[in-house]
Amino acid sequence: MGRPRTTLPALTVPLAASVTAGVAVVVLRRQAAIARRRIGKALGEEVPDADRVWRARYPGDPLELLVLGDSVAAGLGAERRKDTLGARIARGVAQQLQRPVRLRCAAVVGAESSALRTQLDGLDDDYRPDVAVVVVGGNDVTHRVPVATSVRHLVETVERLQERGSAVVVGTCPDLGALRPVPQPLRALGSRASRQLAAAQSVAARRAGAHTVSLAAVVGPFFVSSPQEAFSLDRFHPSALGYRRTAAALVPSVLVALGERAELPPGHRPPDPLAGTARRRWRRPA
C-alpha cells in the first residue's frame, strides 16, 4: 500500500515555517549588528556631574531630588551638566516652586531595571529624598529581559523609595521605534517591545503608588519627527534639546507627586491603565 498523499504537504508546512523562522532570526541578528556598528560608543560612558544645589539663590531649604535609572536618567549625550535630565528636572521644579533643589543622580549608563537595587544600596541609609524620578527600560528591551522580571525590579524600587519617605515618579520606557540607526523590521519589533514594557511599567508602578509618565506618548513624537534636533551625536541618546523636552514631560508629574499641583496639564494625561481597579496610594510617613 502506498503512503498517503497528505504526508509530503504535512511535512512541508512545518519545515517551511522552520526555515522562515530561521531566516528571520539571521536577518534580525544581522540588523542588530548593523545597529550596534552605527550607534557605537561615540559618547563613551562618562556623563557630566550635575549633583549640586540648583537655583541656590532661592530662599528656603533645598528640596531633595533623586534620579535613578539608565543612561537617559544619567544624562549621557549632554555636554554640559545643566543639560542632563536630572539638572533639567531640578531647574524646572526649582523655577516652579521658587525654591532650591538639591540633585542626587545615582543612575548608571547601561543599567537595566535589575541595577536599580544596587543604585539604591549605594545611597546613605539616612538619605531621605522628597521625590525620586526613575527612568529605565530601554536596556531591558535590547537585552531581552522578560517584562515580568523588569517590572518586578521596578516595583521593588518604588516600594523601597517609599520606605525612605519619598514620592516616586516613573518615566516609562521610551519608544525604541524612534531610533533611526536601527533598520527595519528590527526597529518595529523594538518599538512594540518597548511599548509593551512601558504599559506594564505604568500599571505596576501606579498600583504601587507611584506617578507615571508615558515618555513614548508625551515626548516620543518629538524624537520621531525631529531626530536631528532630539538626538545627540550617537543618534541614540537625547541631545540637550532632547533632555529639555523629556524633563518638561516629567516636571508636571513631579509637582503633582510633591502635592504642589492638583492635576496634570493638558497633553500630560495618558489614558489611565488602572481605570476601574483598586490602587494603593502612597502616604508620606508621619
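I'll go through the sheet, then the core, then a pair of helices, and end with a few single residues.

Some ground rules before we start. What you see is a predicted model, where local features need pLDDT of at least 70, side-chain atom pairs count only at pLDDT 80 or more, and totals for chains, interfaces and linings use all residues. Residues are numbered from 1 along each chain as its sequence is written, and side-chain values use heavy atoms, with hydrogens and water left out.

Okay, the sheet. Helices (H or I, at least four residues) and strands (E, at least two) are DSSP runs, numbered from the N terminus. Two strands pair if DSSP finds at least two bridges between them. Here six strands make an open sheet with mixed pairing, and the order is β1-β3-β2-β4-β5-β6. The edges belong to β1 (53-54) and β6 (211-213); each has a single partner strand, so one side of each has no neighbour in the sheet.

Now look at β2, residues 63-69, and β4, residues 131-135: they pair in the parallel sense, over five bridges. Opposite Leu65 you'll find Val131 in β4. Helix α6, residues 147-163, packs on this sheet and touches β2, β4 and β5 (167-171). Contact, by the way, means heavy atoms within 4.5 Å. Axes are lines fitted to C-alpha atoms, for helices over the stretch in contact, and angles run from 0 to 180 degrees between N-to-C directions. On that scale, the direction of α6 makes about 155° with that of β5.

Which residues touch the most other members of the largest nonpolar core? They're Leu65, Ile89, Val131, Val133, Val134 and Leu250, out of 69 residues. A nonpolar core here is a set of buried Ala, Val, Leu, Ile, Met, Phe, Trp, Tyr and Cys residues joined through side-chain atoms within 4.5 Å. Buried means under 20% relative accessible area, exposed over 50%, and partly exposed in between (1.4 Å probe, protein chains only). Helix α11, residues 240-257, gives this core its largest share, eight residues. Take Ile89: leaving aside neighbours within four places in sequence, its contacts are Leu65, Val133, Ala247, Leu250, Val251 and Val254.

Staying with α11, this helix also holds Leu255. That residue is buried, at 4% relative accessible area.

Next, helix α7, residues 186-207. Its buried residues include Arg187, Leu197 and Gln201, and what covers the buried ones includes α5 (138-142), α6, β5 and β6. The axes of α6 and α7 come within 10 Å and cross at roughly 35°. Val147, Ser150, Val151, Leu154 and Val155 of α6 make the contact with Leu197, Ala200, Gln201, Ala204 and Ala205 of α7.

Most residues other than glycine have a negative phi. Arg55, in the loop between β1 and β2, has a positive phi near 60°, and this residue is partly exposed at 23%. Gln98 isn't a glycine either, yet its phi is positive, about 55°. Gln98 lies in the loop between α3 (85-97) and β3 (101-105), and is partly exposed at 40%.
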